Amino acid sequence: MITLGIEGTAHTLGIGVVDSRYEVLADIREIYEPVRGIHPREASQFMSENIKKVLDAALTKADVCMGEVGLVSFSQGPGMGPCLRTIATAARALSLHYGIPILGVNHCIAHIEVGKILCGLKDPLTLYVSGGNTQILKLKEGYYRIFGETLDIGVGNMLDKFGRETDLKHPAGPKIEKLARKGARYIELPYVVKGTDLSFSGLLTSALQKTKDNPIEDVCFSLQETAFAMLTEVTERALAHLAAKEVLLTGGVGNNMRLQEMLGVMAEDHDALFDVPRGYCSDNGVMIALLGLLMHNSGIRSDISQTYVKQRFRTDTVEIKW
Ligand code: AMP
Ligand code: MG
C-alpha cells in the first residue's frame, strides 16, 4: 500500500511517500526561513502557499498518482496551531476527495519510528532533540515513557535563540556547529542537570553575555560542549538505569557531528549500539508516512471527526500497538 505523509508542525513542509515495505519513494521538503523566530501565522501561510507544489513534486518523484495512494497520514501535533491546522486541512481534503483513509500521527513518535526503521533498532533508548523538544524516551508497557526532558526550552530552540541574537541565520544549529569547529578555548558556562531533566535558558543567557568579550568561535565551541555534555550525561544515566542495549539519536539537533560523537563514545562504554537516522533527523514527511503505515498495519483507523489537531500532543499519551 502506498502511504503519503504530510509534515508541517513548524518550519518544514514535507511530504513523503513510502510503499508497503517501508521503502522511501519520495521525500520532498520546503523550509520556511523566518526573519526573527518562527511566526506561526507566517509559517502556516508558507505551508498553504507551497502544499500544492510539494504534493505534485512528491507524487512525480514517487511515480504514483493520488488514485494509487492507500493512506494519507499527517502530523497531528505537537506543533504550532496554525501550521497544524493548515496541513490537517490539506490531509482531510485529500482523504475526502479521493476516498482515502486518513490518520493523524504524533510528530515526536514519528521521529523515533523513522530512526528505528532506518537504523534497524528494536528497543532503543532515544534522545530526541529538536527545536521545540528535548526528551529521553523508551518504550515501556505500551507507551513511550519520558525518562528525562527539558524543564524550559528545547536544545534546538536554545541554539536558534543564540543565533538570533548573534546574527546567524535561522536555523542556527548548523552554523554554530561550523563555528565551534574553529573554537579552541573552553569558557565555563552554566551546566544545569537535575536528575535526568535539563534546563537550557541559563546557559543561553550566559553564552550570550560571553560573546561580548570572547571570540564567537570559542563561545560556540563552549556552548556545544556544555549543552551536549548535559545531554550525554542524562542519556547515560537513563541508559544505566534502564539497562538499554541500543541508543538512538533523532530530531534536528541529531544532525550535529559533535553530539553524535559524544553519544557514540558513551554508548560504546556501555556496550550499547548507537545509531542516527542520517538524512532523516530533521522534520520530514517520510517519518509521518512511516508511522501512519505502522499504525494502519496494527489495525488503527480514524475518521475525519478524529483528525482535529493537538498542539500539545504528549508523546506518552499514545498507546504503541505495533
Ligand atoms: P527539527 O524540528 O527536528 O527539524 O529540528 C530543528 C532544529 O535542529 C533547529 O533548532 C536547528 O537549529 C537544529 N539543527 C539542525 N541541524 C543542526 C546541527 N547540525 N547542529 C545542531 N543543531 C541543528
Ligand atoms: Mg521535529
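Two strands count as paired if DSSP finds at least two bridges between them; strands (E, at least two residues) and helices (H or I, at least four) are DSSP runs numbered from the N terminus. This briefing concerns a predicted model, in which local features need pLDDT of at least 70, side-chain atom pairs count only at pLDDT 80 or more, and totals for chains, interfaces and linings use all residues. Residues are numbered from 1 along each chain as its sequence is written.

- Five of the seven residues of strand S7 (residues 134–140) are buried, meaning under 20% relative accessible area with a 1.4 Å probe and protein chains only.
- Strand S6 (residues 125–129) runs antiparallel to S7 and is joined to S7 by four bridges; Val 129 has Thr 134 as its bridge partner, and Tyr 128 stands opposite Gln 135.
- Four residues lie between S6 and S7 in their hairpin.
- S7 is also joined to antiparallel strand S8 (residues 143–149) by six bridges, with Tyr 143 as the bridge partner of Lys 140.
- The hairpin of S7 and S8 has two residues between the strands, and Glu 141 there takes a positive phi near 50°.

**The sheet**
- The open sheet consists of five strands with mixed pairing, in the order S8-S7-S6-S11-S12.
- S8 and S12 (273–275) stand at the edges with a single partner strand each, so one side of each has no neighbour in the sheet.

**Helices on the sheet**
- Helix H3 (residues 107–119) lies across S6, S7, S8, S11 (246–250) and S12.
- Helix H7 (residues 216–242) packs on the sheet and touches S6, S7, S8 and S11, contact meaning heavy atoms within 4.5 Å.

Technical notes. Chains lettered and ligands numbered in written order. Heavy atoms only, no water. Buried < 20%, exposed > 50% of the residue type's maximum accessible area, 1.4 Å probe, protein only. Axes fitted to C-alpha atoms, helices over the stretch in contact; angles between N-to-C directions.
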